[in-house]
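Open your viewer and switch to a cartoon view. We will walk through this model one selection at a time.

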Amino acid sequence: MMLKDKFVLITGGAGGLGQEIIKQCVENGAHLAVMDNNQEGLDNLKKRFPECAVYLTDITNPEQVATSVKHWFSLTNRIDVLINNAGIMFNKPLVQFGSAGIEKHDVTSWKKVIDVNLNGVFYVTAEVASLMLEKRTKGVIVNISSISSAGNRGQSAYSAAKAAVNALTATWARELGPMGIRVVAIAPGYTDTEATHKALNPTLIRHIISEVPLRRLGRPEEIAAGVLAAVENDFFTGTVLHLNGGMVL
């Protein structure tokens, strides 16, 4: 599917990777709608890409998701591409020694990471896929996964959520493929974004770079190019595209 004149909905578009995906979609002639829970980020995004529709939306709230998706659909009458990009990263071992003794991974953080990275993908995809079927749209759903889906030390919740996203990608590809809807996933390695630098300290980032055969972090434009390649290849479905510089966890 070529992106020119297609209608693309992306979640988490106010972040670094999201903005790069939006930039490349716009450059390829697509019409964009962005859902994010960061009002300031959406305001800045609107200044940069005034042609984009923006929706302040908490993707962990199914009612808000339905309202935003249906509003944009009412204006466009179709959605061709969904990019599930929204996500949060959290790092903490299952158990560890602390100042007060043994510390366990807290339940609140577990639920929040699962809610954003997994449940939000389910809510948005269910809403969009139903509208694709309603209009008999031969669409594409792209899930942003992660290298951590293979299991990564200190990332119980994040790894579990991304592994589940990979499983949903395969499941939905089988279910929706006969209706002309492709479902794919992109699993980036560590990428040079603000979110990565917030989640990981400089010492850990230097260690990660030393473990990457290419000896650097990925660039947002490289990951975004992978997203576009997956959208444009009409025989690519049910598969995870790994963009990790050769690093394997």
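Before the first stop, one term: two strands count as paired if DSSP finds at least two bridges between them. Keep in mind, too, that this is a predicted model.

**Stop 1: a pair of strands**

Select residues 81-84, strand β4, together with residues 140-144, strand β7. These two run in the parallel sense and share 4 bridges. Now click on N84: its bridge partner in β7 is N143. Strands of a sheet pair through backbone hydrogen bonds, either parallel or antiparallel.

**Stop 2: the whole sheet**

Which strands does it hold, and in what order? Reading across, you meet β3-β2-β1-β4-β7-β8-β9, 7 strands that form an open sheet with parallel pairing. At the edges sit β3 (53-56) and β9 (240-243), each of which pairs on one side only.

**Stop 3**

Helix α3 lies across β1 (7-11), β2 and β3, and runs at about 160° to β3. Helix α4 lies across β1, β2, β4 and β7, at about 175° to β4.

To see what touches, show the side chains of P62, V65, A66, V69, K70 and F73 on α3, then Y123, V124, E127, V128, L131 and E134 on α4. Colour them by class and you will find 9 nonpolar, no polar and 3 charged residues.

**Stop 3: the largest pocket**

Switch to a surface view. Rolling a probe the size of a water molecule over the atoms shows where empty space is left. The largest pocket has a volume of about 1,200 Å³. Select G15, G87, I88, M89 and A195, which are the closest to its centre among the 44 lining residues. Elements that give two or more residues to this lining are α1 (16-27), β2 (31-36), α4, α5 (156-176) and α6 (194-199). By class, the lining has 17 nonpolar, 21 polar and 6 charged residues.

**Stop 4: the second largest pocket**

Finish with N152, R153, Y190, L204 and I208, the residues nearest the centre of the second largest pocket. This pocket holds about 240 Å³ of space and is lined by 14 residues, of which 6 are nonpolar, 5 polar and 3 charged.

Note on methods: Residues numbered from 1 in each chain as written. Predicted model: local features only at pLDDT ≥ 70, side-chain atom pairs only at ≥ 80, totals over all residues. Heavy atoms only, no water. Contact = heavy atoms within 4.5 Å. Nonpolar A, V, L, I, M, F, W, Y, C, P; charged D, E, K, R; others polar. 1 Å grid on protein atoms, 1.4 Å probe; cavity = no way out; pocket = protein on both sides within 12 Å on 5 of 7 lines; lining within 4 Å. Points joined across faces, edges and corners; volume = space filled by probe spheres on them. Axes fitted to C-alpha atoms, helices over the stretch in contact; angles between N-to-C directions.
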